[in-house]
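This report is written for someone meeting the structure for the first time.

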Amino acid sequence: MTKYQVLVVDDEEEIRDAIEIYLKNESMTVFKASNGQEALDVLEREDIQLILMDIMMPKMDGMTATFQIRQKKNIPIIMLSAKSEDTDKILGLNIGADDYVTKPFNPLELIARVKSQLRRFTNLGSAQMTEDELQVRGLTLNKSTKNVAIDGNEVRLTATEYKILELLMENKGRVFSIEEIYERVWREPYMNAENTVAVHVRRIREKIEINPKEPKYLKVVWGIGYKIEK
């Protein structure tokens, strides 16, 4: 059984300690940091599989730390914040977070989201028995190596972005509703997650499209959902 290593980043010691208890009850190893800079230092030393990242912290806030982490690593990041406005959620997702939990949070919900992200990340990293490549003109996705390239140039996607693109490329031309994308990729019931899906799609477009405002691969079908153009 895999023993996951999780990094909890929050400037409040009580919150770090409480989350540590929940995670240890799930047999996870916990590392803690009180600000973004400490988090970056831990990542240099330890093999971390998931990060729980607070937003408002001294020295280096969670947004800045997440942005810097995304330059090098694709491990899942769940943002924690007392702020509940959609703009904060969208900003966090835009800079590379995979999920967002608002304080005060339900411990069971937090653990469920952690497990969901770890499953997705583990499945993404697991080897396949045979090479299986999907291609749409200059866009290629290799299901064996988990590499994505556009016109031969490798594209770095997060685990969530990869799963969305893989779903759409496996079903070229088919339109998926936002609800269907969410439930297939996140593997949990859809509940008001329009912004979550839309932000991830926007990030994929920014990475695979020459002009994201006029995409030639990942198309929106207004009022219905998204598809990969054949």
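## Charges and basis of the model

In the protein chain, the mean positions of the 34 positive and 38 negative charges lie 5 Å apart, where Lys and Arg count as positive and Asp and Glu as negative, with His and the chain ends not counted, and where the place of a charge is NZ of Lys, CZ of Arg, CG of Asp or CD of Glu.

This is a predicted model, in which local features need pLDDT of at least 70 and side-chain atom pairs count only at pLDDT 80 or more, while totals for chains, interfaces and linings use all residues. Residues are numbered from 1 along each chain as its sequence is written, and side-chain values use heavy atoms, with hydrogens and water left out.

## Overall form

The C-alpha trace of the protein chain spans about 50 × 40 × 30 Å along its principal axes. Its secondary structure comes to eight helices and 12 strands, these being DSSP runs (H or I of at least four residues for helices, E of at least two for strands), numbered from the N terminus.

Of the 230 residues of the protein chain, 50% count as buried, meaning under 20% relative accessible area with a 1.4 Å probe and protein chains only.

## Helix α6

Helix α6, which covers residues 159-170, has 12 residues and reaches 16 Å from its first C-alpha to its last, close to the 16 Å expected at 1.5 Å a residue; the expected span is 1.5 Å times one less than the number of residues.

This helix is mostly covered, with 10 of its 12 residues buried, among them Tyr 162, Ile 164 and Met 169.
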